Each structure stands twice: as structure tokens, then as C-alpha cells.
Amino acid sequence: MKKEKYDVVVVGAGPAGSVTARTAAERGLDVLLIERNPDIGVPVKCGEGVSREIERFVEIDSRWISTEVKRIVTYGPDGTRMALSVEGSEVVGYVLERRLFDEFLAQQAAHAGAEVRVKTQAYGAIKEDGYVKGVYANSAGEDVHISANVVVGADGVESRVGRWGGIDTTLPLADVATCAQFLMCDVEVNKNILEIFFGGDIAPKGYAWIFPKGADCANVGLGIGGNVSRDNHRALDYLRAFVNDKFPDGKVLTEMYGAVPLSGPVYETVANGLILVGDAARHVNPITGGGILQAMQGGAIAGEVIAKAVREKNVSKRRLMEYEKRWRREFGKVLEVGMKIKNIVLNL
């Protein structure tokens with residue numbers, strides 16, 4: 001088996017993984033960023049909407065902006081309509097082209113000095129004396145033994161990396177949303193307005209959305225509580241009914257299915273030689289299901305902490321807890337409040 005050695009190996013090239021890799025590489029570490037898919041950002045498993053707060057973390061590039069959002073309109077179960085905007089700001093958010101956005105973040109990591117490798121899937125952890133010391137991976141058909149001082153799990157809601165490191169990343173169905181989304185064309189939408197629909201008949205324990213991607217295209221999707229999904233009542237079944245009602249003549253270009261963790265932060269995100277970021281760390285707002293901003297913010301914190309820990313030659317759980325303390329201080333409250341609001345809404 002081929003053997004390689006890095007300071008850090010990051011498993012998963014979504015926003016959290018790429019920002020972690022970039023930040024660590026900028027601080028002089030030897031970083032490998034691996035992605036199991038042949039193309040970064042594909043398949044897209046996201047509604048692609050994000051608030052204008054993203055400008056805190058990255059300079060906006062028109063190439064990966066599909067739509068500027070000027071207003072958000074929500075509809076209650078009885079059809080009550082409420083429009084939301086930001087006083088003094090014409091633009092409140094964006095609909096991204098996630099494929100191009102994710103590619104951009106990975107390119108930033110590469111420019112910073114990280115090695116980016118696709119078609120590379122981790123299948124086990126290297127462990128020594130209670131520490132995670134790297135991963136076993138298959139890279140384009142070749143097995144590779146990748147040693148690293150720190151392994152970063154940016155591998156999404158299922159996070160096998162976390163389980164390998166001794167963190168129980170399983171979630172009850174009540175804390176997971178199952179989602180389905182169509183990219184549709186020949187639909188009549190206002191290209192600057194996001195629409196969100198609540199109601200047990202539309203999306204039980206969740207909501208439906210219409211996120212425009214131009215004058216006559218949109219991401220149309222919904223998420224439902226994992227504990228209410230069953231035969232003939234899956235997210236796809238509800239989405240088909242929603243689309244038949246809203247856009248009976250619309251054309252489906254692509255379909256997307258996935259799961260979103262809505263538990264809030266429910267476990268520690270570090271172990272000896274291991275850090276979890278993004279969905280793997282449950283850094284998703286439980287009320288909206290959005291996690292791009294937290295992924296980028298958490299990734300930046302992780303990269304900074306890892307760089308200091310590696311230089312100090314101390315990657316113990318105790319040392320890496322700086323990451324845990326910082327993300328909880330910087331955005332943990334947002335996740336906790338989102339969880340409280342989610343529970344209130346579900347009770348209503």
C-alpha cells in the first residue's frame with residue numbers, strides 16, 4: 001500500500017472542508033484535501049440560498065451568484081403572507097451556483113498551498129495510542145495509507161470520520177429532515193424573491209421553498225421531518241404534489257435528494273487528532289436547515305486552531321478543544337436559538 005504523510009488531511013471538499021484546508025495551508029501546514037466525487041460541488045445537495053452575511057467571509061463573485069435576493073416571502077398554513085426585507089439594504093441575500101461556489105473555495109485552498117485530490121474516498125482511520133493518525137483511502141482505484149497529525153471530518157451528515165474517531169454521529173429521525181428538490185424551468189417566478197411555504201399538508205415538520213435561478217428557472221424543493229417519512233408520504237411525494245399545484249406546466253431539469261441534520265450542536269466536535277466541521281459537526285441552523293455560513297466560519301476557526309496545535313506538537317483532544325470553545329462562543333448561540341424556535345414552531 002502506498003504511504004503518504006501530511007500535517008493535515010481534510011475529508012470532504014464542501015465549504016467547511018475547503019475553508020479549513022485553505023486556512024491551515026495559509027499558516028504553513030502541509031495539507032491534503034480529499035473529495036470522494038470526481039467533481040467538486042457535484043452533485044448539488046442544497047437549496048443554494050444564503051443571506052448577505054456571506055460577505056463577511058468571502059468577496060462576492062458574480063460568476064457564482066445566480067440571483068440577488070431582495071425580499072423573502074413566507075406563507076403560513078392558512079395562506080397568510082408575510083414579506084421580509086432588510087431596512088436600508090436592497091439586497092438581503094443570494095441564490096448561489098453551488099457547483100461553481102464550491103469549486104471556487106477549493107481553488108482558494110489550492111492557491112494557499114493545499115493539495116486537492118478528487119476520486120479519493122476514505123474508508124478507515126489510522127489509530128495509534130488513542131489518537132487518530134490519518135486515514136486509509138482509495139484514490140482512483142489505488143489504496144493509500146495517509147498519515148496526518150490531524151484528520152478533519154468534513155464528510156457531511158453521516159460523518160463516518162467522526163465515528164471512526166469515537167464520536168457517535170448518529171441522529172434520531174426526529175432530528176433529521178429528508179429533502180427533495182427539483183431544478184425547474186418554464187416556471188413563472190419573481191427572480192428577486194425567495195418564497196417559503198409552511199403547512200402540514202405541504203411539508204409536515206418542515207417547509208417548502210421556491211428559490212429563483214433566473215427569469216423562468218428555480219430550485220423548488222421541500223424538507224419534511226425524518227420521523228414522518230413513510231411509504232407514499234416521502235419528501236418526493238410531497239414535492240410532486242407541491243409542484244403539480246404551483247407549476248403544473250414546469251419542466252424538471254434535475255432532481256436532488258438528501259438529508260439535513262436539525263439537532264443543533266449535540267456532541268463534542270473534537271477527539272485526539274480529530275476535528276469535525278460543517279454538517280458533520282451539526283453546524284446547521286435547526287430552524288432554516290441552512291449551514292453554509294456556519295461551515296465557512298467553523299472551517300476558518302478549525303484551520304487556525306489546527307495550525308497552532310501542530311506547531312506546538314500537541315493535537316490532543318484537550319488542545320483541540322480551543323476549536324470547540326471558539327465556535328460555541330462565535331456562533332453556537334445562533335444554533336441554540338434556532339433549536340428553541342424550531343421546537344416552538346413544531347409545537348404550533
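Q: How many disulfides does a search of the whole structure find?
A: In this predicted model, a search covering the whole structure finds 0 disulfides.

Q: Ok, so what about Cys-185, how far is its sulfur from the closest cysteine sulfur?
A: The closest cysteine sulfur belongs to Cys-217 and lies 5.2 Å from the sulfur of Cys-185, which is too far for a bond, because a disulfide needs the two sulfur atoms to be within 2.5 Å.

Q: And is Cys-185 buried or exposed?
A: Cys-185 counts as buried, because its relative accessibility is 14% and the cut-off for buried is under 20%.

Q: What about Cys-217, which cysteine sulfur is nearest to it?
A: For Cys-217 the nearest cysteine sulfur is that of Cys-185, 5.2 Å away, and Cys-217 is in no disulfide. Cys-217 is buried too, with a relative accessible area of 18%.

Q: Switching to helices, at what angle do α1 and α2 pack?
A: Helix α1, which covers residues 15–26, packs against helix α2, residues 98–112, at an angle of about 20°, and their axes are 7 Å apart. That angle makes α1 roughly parallel to α2, because angles under 35 degrees count as roughly parallel.

Q: Which residues make the contact?
A: From α1 the contributors include Pro-15, Val-19, Arg-22 and Glu-26, while those from α2 include Arg-98, Phe-101, Leu-105 and Ala-109. Sorted by class, the contact between α1 and α2 has 9 nonpolar, 2 polar and 4 charged residues.

Q: Is the crossing left-handed or right-handed?
A: The crossing in which α1 passes α2 is left-handed.

Methods: Residues numbered from 1 in each chain as written. Predicted model: local features only at pLDDT ≥ 70, side-chain atom pairs only at ≥ 80, totals over all residues. Heavy atoms only, no water. Axes fitted to C-alpha atoms, helices over the stretch in contact; angles between N-to-C directions. Helix = DSSP H or I, 4+ residues; strand = E, 2+ residues; numbered from the N terminus. Parallel < 35°, antiparallel > 145°, perpendicular 65-115°, else oblique. Left-handed = near helix turned anticlockwise from the far one by under 90°. Contact = heavy atoms within 4.5 Å. Nonpolar A, V, L, I, M, F, W, Y, C, P; charged D, E, K, R; others polar. Buried < 20%, exposed > 50% of the residue type's maximum accessible area, 1.4 Å probe, protein only.
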